[in-house]
Every structure is written in structure tokens, then in C-alpha cells.
Amino acid sequence: MTDHELAARLATEAGELLLRVREEFAEAEAKDRKAAGDKRSHDFLMSALAEHRPGDAVLSEEGADDLVRLNSERVWIVDPLDGTREFSELGRTDWAVHVALWEGGELVAGAVALPAQGVTLATPTVDTPAAEPGPPRVVVSRTRPPAVALAVRDALGGVLVEMGSAGAKVASVVQGISDVYVHAGGQYEWDSAAPVAVARAAGLFTSRIDGSPLVYNQSDVSLPDLIVCRPELAEAVLTVTKLE
């Protein structure tokens, strides 16, 4: 099984597990549903990676950070449940599972599962629909759109699309539901590694908001800002974000 196939398989199977957890905890409090989802997906991914890639290091949002990864050639970067709030709200579909592989300084494989949508986007090749006519669509959180995203919307004469998790937002650009995702204000490597790998495979533009590259498997796992957009919009977006 290739790394691409493994990433897709594990993201999909973790997503299927999360759907079962959601059903099992349908009558429970939201906090208990969140906790069960995080733990069970993490445990599954750690066990599966230990079985299929025993020599690789793993960085997971839900696990202790073993700094042996800094001297490892291959590191899996996973978010077992991206969008716990959306997962806890029964009926919401904008949450995800992230599985990415970093090797030799680069993201080389990745998958983003959208379990409630029955979709997994995975490398090595990802199709993206042609751009739709009309104003650019800038995807943002429902409750806390960052100022930089609003500035991009205003500069491009765009419109806002509200959505939950980071993975779902990046996936929306890949799927042609939106055109631009700009984030500032705090994320970590596991929030963007798999989505960025998928976005790059789809031919989308990715960078930090100052235009610098996104760098993974660092000692400080904070990676607080991000741009993912259609390549024809990159210059216009960067003109705004570099000033913010």
C-alpha cells in the first residue's frame, strides 16, 4: 500500500468510526461526544500507523509530542477530529479527519476525510472544478471571521461563505464551493498539514499570509496563519494579506 493509499484509507476509516461514535453518543452531552470522538479516532490512527508504518514518527493533536520526530525522516501529522464543535452538533457536516505525511522537509501525502459528507480528498491527484462566474467566495468561520479575511473579501469585491473546521474550509476550495480561505489568529501544524497537501495536489496556491512557505515538523508546532486559494487569485489576495 502506498503512502497516498494509506493516508486515504486511514482518514476514511477514522471518519467511519467517528460516525459510529456520533450515533452511539447521540443522546449524550456534547462534551462527552467530543471527548469520545477525539480519543477513539486518535487511538485508531495511532494503532494503525504503528501497524502499517512502524518506523515512522507521529505528531497528533491528541497525543503527547515525542520530539524524536525532529530527527525522523518521516513523520505523520494527524488531526483525529478537526472541528469537534461541529462534530458535536448533530446534523453538521463541516468537520474532518486529517492524515498527512511529511518526509525530508516536505508534505508528500495527505488525505482529508469529510465523513458526514461521504467524501475523502486525497493525494496524489485531486480534481478541482473550474472557477464559477461571479464574485470570489471567501470561506470563514461562522462565529469569528478574522479581520484579514474580511479585508480580502472587501478588496476582491467578494462574498463570505460560512463553514466550520479548517479542513472543511480548505476542502470547500478544493471542491469549488469557495475560492479563498485566509486564516490568521492561531492554528497548529495538524490543522493544516493534510488540507495543504490535498490543496497542492489540486493545483491550488498555499502559503503563510506574508507569502512565505508553510513549513512543517518544527519544534514549535504553532502555524498560526494560512492562505489557500485558486492560483489566479493569489496575487490579489497576497496584496491584501501582506499589509495586514
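Mentor: Two packed helices are described by the angle between their axes and the distance between the axes. In this predicted model, helix α4 (residues 147-156) packs against helix α7 (residues 234-241) at an angle of about 125 degrees, and their axes are 9 Å apart. Axes are lines fitted to C-alpha atoms, for helices over the stretch in contact, and angles run from 0 to 180 degrees between N-to-C directions. Helices (H or I, at least four residues) and strands (E, at least two) are DSSP runs, numbered from the N terminus.

Trainee: What is the orientation of α4 to α7?

Mentor: The angle makes α4 oblique to α7; angles under 35 degrees count as roughly parallel, over 145 as roughly antiparallel, 65 to 115 as roughly perpendicular and the rest as oblique. The crossing of α4 past α7 is right-handed (left-handed if the near helix is turned anticlockwise from the far one by less than a right angle, right-handed if clockwise).

Trainee: Which residues make the contact?

Mentor: From α4 come V148, A151, V152, A155 and L156, and from α7 come A236, V237, V240 and T241; contact means heavy atoms within 4.5 Å. By class, eight residues of this contact are nonpolar, one is polar and none is charged. Here Ala, Val, Leu, Ile, Met, Phe, Trp, Tyr, Cys and Pro count as nonpolar, Asp, Glu, Lys and Arg as charged, and the others, Gly among them, as polar.

Trainee: How do α1 and α2 cross?

Mentor: The axes of helix α1 (residues 3-24) and helix α2 (residues 30-52) come within 9 Å and cross at roughly 150 degrees, and the two are therefore roughly antiparallel. α1 passes α2 in a right-handed crossing. Among the residues that meet are L6, L10 and L17 in α1 and F44, L45 and L49 in α2. The contact of α1 with α2 divides into eleven nonpolar, three polar and six charged residues.

Trainee: Is S192 buried or exposed?

Mentor: S192, in helix α6 (residues 189-201), is buried, with a relative accessible area of 1%. Buried means under 20% relative accessible area, exposed over 50%, partly exposed in between (1.4 Å probe, protein chains only). Leaving aside residues up to four places away in sequence, S192 touches Q187, Y216, L223 and L226.

Trainee: How are these values to be read?

Mentor: Residues are numbered from 1 along each chain as its sequence is written. Local features need pLDDT of at least 70, side-chain atom pairs count only at pLDDT 80 or more, totals for chains, interfaces and linings use all residues, and side-chain values use heavy atoms, with hydrogens and water left out.
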